[in-house]
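Visitor: I would like to learn how to read a model like this one, feature by feature. Could we start from a single residue and then widen the view?

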Amino acid sequence: MTAHLIRDAALFHFARDGYEGASLRAIADEVGIKKPSIYAHFSGKDDLFLQTLAHAFKDVQRRTLEYFRDHADLPLEQRLKGLLIWFEQEYNCNASARFMLRMCYFPPLSLYSEVMDLVYPFLDGMERSLTRMLQGATRRGELQAVPAEQAAITYMTFLDGITVEIIYGSSRRYRRRIEASWPVYWHGIHHLKQEAQPVVPKGDSSS
């Protein structure tokens, strides 16, 4: 139980202050323990940071899947555009989302590889979920036959491009970018063409 309390306190401090600014003493004080007691559960600050970040990614992944499930009956455009609005709300209200997003952009240099080992599987999972959503929309006739994976990657690129406004800008700037860019994305995926893949004869090893 104490390990969970330490991790929960660490989540708040890391989300607010980053890796460098967070203090193990402040985390311990919040839990009501002495700083050395943290080492009974975590090997050090790096271990606490990475375990807390891994938990944050799992929490955001769970909540994102809940969003997809809870809004499954909405038209595709409302689900996709609504996810952008929901993502901002999560950042403002959920420490896990705030911590995760900031570390995607500003990982501590000493733990860069370890953080990226968490970031990329999360992004790949998001891409797969979006691809399945777009494939389902195509089967239901909401979209013409489109290359769903390409449309999903484009959506993730769109999200990545506007998310910086959550950190550096403001809600007004974030929403302004959504309203300006969304019609371009939505129009674009309606005009993607399924391209026939070239068939390579068996035994042909030419490049």
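Guide: Let us begin with Glu 165, which lies in helix α7, residues 148-168; please keep in mind throughout that this is a predicted model.

Visitor: Is Glu 165 buried or exposed?

Guide: The general idea is to compare the relative accessible area with a cut-off, and buried means under 20%. Glu 165 has a relative accessible area of 5%, and therefore counts as buried.

Visitor: Which residues does Glu 165 touch, leaving aside those up to four places away in sequence?

Guide: With that exclusion, Glu 165 touches Ser 170, Arg 173, Tyr 174 and Arg 177.

Visitor: How should I read the way two helices pack, taking α1 and α2 as the case?

Guide: One looks at how closely the axes approach and at what angle they cross: for α1 (residues 2-21) and α2 (residues 24-31), the axes come within 9 Å and cross at roughly 125°. The crossing in which α1 passes α2 is right-handed.

Visitor: Which residues of α1 and α2 meet there?

Guide: From α1 come Leu 5, Ile 6, Ala 9, Ala 10, Phe 12 and His 13, and they meet Ala 26, Ile 27, Glu 30 and Val 31 of α2. Sorted by class, this contact of α1 with α2 has 8 nonpolar, 1 polar and 1 charged residues.

Visitor: How can I check the length of a helix, for instance α3?

Guide: One compares an expected span with the distance between the end C-alpha atoms. Helix α3 (residues 45-70) has 26 residues, which at 1.5 Å a residue should span 38 Å, and its end C-alpha atoms are 37 Å apart, so the two agree.

Visitor: Which residues of α3 are buried, and what covers them?

Guide: The buried residues of α3 include Leu 48, Phe 49, Thr 52, Leu 53, Ala 56 and Phe 57, and also Asp 59, Val 60, Thr 64, Tyr 67 and Phe 68. Their cover includes α1 and α2, together with α4 (76-93), α5 (95-105) and α6 (112-139).

Visitor: And how does the whole chain look?

Guide: The protein chain has 8 helices and 0 strands, and its C-alpha atoms fill a box of roughly 65 × 50 × 30 Å along the principal axes. Of its 207 residues, 40% are buried. Among contacts between residues at least 6 apart in sequence, 68% join residues at least 24 apart.

Terms used:
Residues numbered from 1 in each chain as written. Predicted model: local features only at pLDDT ≥ 70, side-chain atom pairs only at ≥ 80, totals over all residues. Heavy atoms only, no water. Axes fitted to C-alpha atoms, helices over the stretch in contact; angles between N-to-C directions. Helix = DSSP H or I, 4+ residues; strand = E, 2+ residues; numbered from the N terminus. Left-handed = near helix turned anticlockwise from the far one by under 90°. Contact = heavy atoms within 4.5 Å. Nonpolar A, V, L, I, M, F, W, Y, C, P; charged D, E, K, R; others polar. Expected span 1.5 Å × (residues − 1). Buried < 20%, exposed > 50% of the residue type's maximum accessible area, 1.4 Å probe, protein only.
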